[in-house]
Amino acid sequence: GALYWNWSVLDIVFTYWFENLVIGFINILRMVTAGWKEKRKTSGGGKGFLIPFFTIHYFGFCLGHVVFIFSLLGKGSETQESDGVSAFWIAVLALFLSHLYSFFRNYLGRGEYKKANLSLLMFAPYPRIVVLHLAIIFGAMGVEKAGEPTVLLVILVVGKIVIDLAMHWVSHAKSRLLEQS
């Protein structure tokens, strides 16, 4: 988006925030299907408590973040051109389809749901929330001191790459080990 459609820092940060919504939604699907078709209880306090708790807590953080994102970066930002808006929705759709594909291919298709731990699933997406949280806090300092949101963007991009690689590797490592044995 930044290279081809001249997205602003706000556009990039908002896209990352929106991806957190997608990941939260997919995580709810994972929690609902944990232990699905299995005749065992899923550990971790029960779906009837943990899924609503996760939903309120996780999306509450997302709501708080979007308020801070627009209060920090939304001032004086120009409205996007129609090409930028459609490109944003294409990016969001691509993110959603990518995560949905991974859910069906890896989580359901490779049987990861059979051994899923509800408590671990509940906390799985929070590293992304922490990255955005830190980016907002330290980015706010950068915006305040220098009037420049680049600090926020650097923290977000580096943090996102590290967290996404780690989460991908950890989430599929067990599946790869099972296939090898």
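**View 1. The largest nonpolar core of this predicted model****.** This core has 43 residues. Those with the most contacts inside it are V13, W17, M31, I69, Y107 and L132. Two or more residues come from each of α1 (9-33), α2, α3 (82-108), α4 (118-123), α5 and α6 (150-180). Helix α1 gives the most, with 12 residues. In soluble globular proteins, nonpolar side chains tend to be buried together.

**View 2. The Y58–Y126 ring pair****.** The model holds 16 aromatic pairs. In this one, the ring centres of Y58 and Y126 are 5.6 Å apart. Their planes meet at 85°, over the 60 degrees required, so the pair is edge-to-face. Y58 lies in helix α2 (residues 47-73) and Y126 in helix α5 (residues 126-146), so the pair ties together parts 68 residues apart in sequence. Both Y58 and Y126 are buried.

**View 3. The F103–F104 ring pair****.** The ring centres of F103 and F104 are 5.2 Å apart. Their planes stand at 75°, so this pair is edge-to-face. F103 is buried, with a relative accessible area of 3%. F104 is partly exposed, at 49%.

**View 4. An aromatic cluster****.** Ring pairs link F54, Y58, F59, F61, F123 and Y126.

Terms used
Residues are numbered from 1 along each chain as its sequence is written. This is a predicted model: local features need pLDDT of at least 70, side-chain atom pairs count only at pLDDT 80 or more; totals for chains, interfaces and linings use all residues. Side-chain values use heavy atoms; hydrogens and water are left out. Rings of Phe, Tyr and Trp (its six-membered ring) pair if their centres lie within 6.5 Å; planes under 30 degrees apart count as stacked, over 60 as edge-to-face and the rest as tilted. Helices (H or I, at least four residues) and strands (E, at least two) are DSSP runs, numbered from the N terminus. Buried means under 20% relative accessible area, exposed over 50%, partly exposed in between (1.4 Å probe, protein chains only). A nonpolar core is a set of buried Ala, Val, Leu, Ile, Met, Phe, Trp, Tyr and Cys residues joined through side-chain atoms within 4.5 Å.
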